[in-house]
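Grab the model and work through these exercises on helix packing and nonpolar cores. Try each one by eye before you read the solution.

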Amino acid sequence: MHEMALAEGILDIALEYARKNDAKKIGTISLRIGEMSGVETDALEFSFASLVKGTIAEDARLLLHRIPLVGRCNRCGKEIHIEHYNFICPACETGVLEIVSGREMQVEYLEVD
């Protein structure tokens, strides 16, 4: 399950940040998850909840911000939400959409005490 590995990485980042800042508790971990990242958010939340038991992140709130898959047409320049992985511009019907957002998978911020 790749969400378990992602949850481990997120927890490692949070614990390292807390250690470097002498924090005693991790309150919130905010994540940016792109629509095309392939992350199953329910599985990620379940995995994270099982990993944090007994750590300073045990009561942490995991905030997930979904980032839409958006492309910019290389012909007409319009930015459009990409649906069904169709990368042909629906506006001009000749251009190809280059991804500008939607592949993100990053820790946006942490709140620690």
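**Exercise 1.** Find which residues of helix 1 meet which residues of helix 2 in this predicted model, then sort the contact by class.

*Solution.* Start on the helix 1 side: E3, M4, L6, A7, E8, I10 and L11 make the contact. Their partners in helix 2 are A43, L44, S47, F48, S50 and L51. Now sort them: the contact has nine nonpolar, two polar and two charged residues.

**Exercise 2.** Work out how the axes of helix 1 and helix 2 are arranged.

*Solution.* First, the spans: helix 1 covers residues 2-20 and helix 2 covers residues 41-51. Next, the geometry: their axes come within 8 Å and cross at roughly 55 degrees. Angles of 65 to 115 degrees would count as roughly perpendicular and those under 35 as roughly parallel, so helix 1 is oblique to helix 2. Last, the hand: this crossing is right-handed.

**Exercise 3.** Pick out the residues that touch the most other members of the largest nonpolar core, and say which elements build this core.

*Solution.* The core holds 19 residues, and I10, I26, I29, L31, L44, F48 and A57 touch the most other members. Elements giving two or more residues are helix 1, strand 1 (26-34) and helix 2. Helix 1 provides the largest share, six residues.

Zoom in on I10: leaving aside residues up to four places away in sequence, I10 touches I29, L31, L44, F48 and V107. Finally, look elsewhere: apart from this core lies another one of six residues, including L69, I82, C89 and L97.

Key: Residues numbered from 1 in each chain as written. Predicted model: local features only at pLDDT ≥ 70, side-chain atom pairs only at ≥ 80, totals over all residues. Heavy atoms only, no water. Axes fitted to C-alpha atoms, helices over the stretch in contact; angles between N-to-C directions. Helix = DSSP H or I, 4+ residues; strand = E, 2+ residues; numbered from the N terminus. Parallel < 35°, antiparallel > 145°, perpendicular 65-115°, else oblique. Left-handed = near helix turned anticlockwise from the far one by under 90°. Contact = heavy atoms within 4.5 Å. Nonpolar A, V, L, I, M, F, W, Y, C, P; charged D, E, K, R; others polar. Core = buried A, V, L, I, M, F, W, Y, C linked by side-chain atoms within 4.5 Å. Buried < 20%, exposed > 50% of the residue type's maximum accessible area, 1.4 Å probe, protein only.
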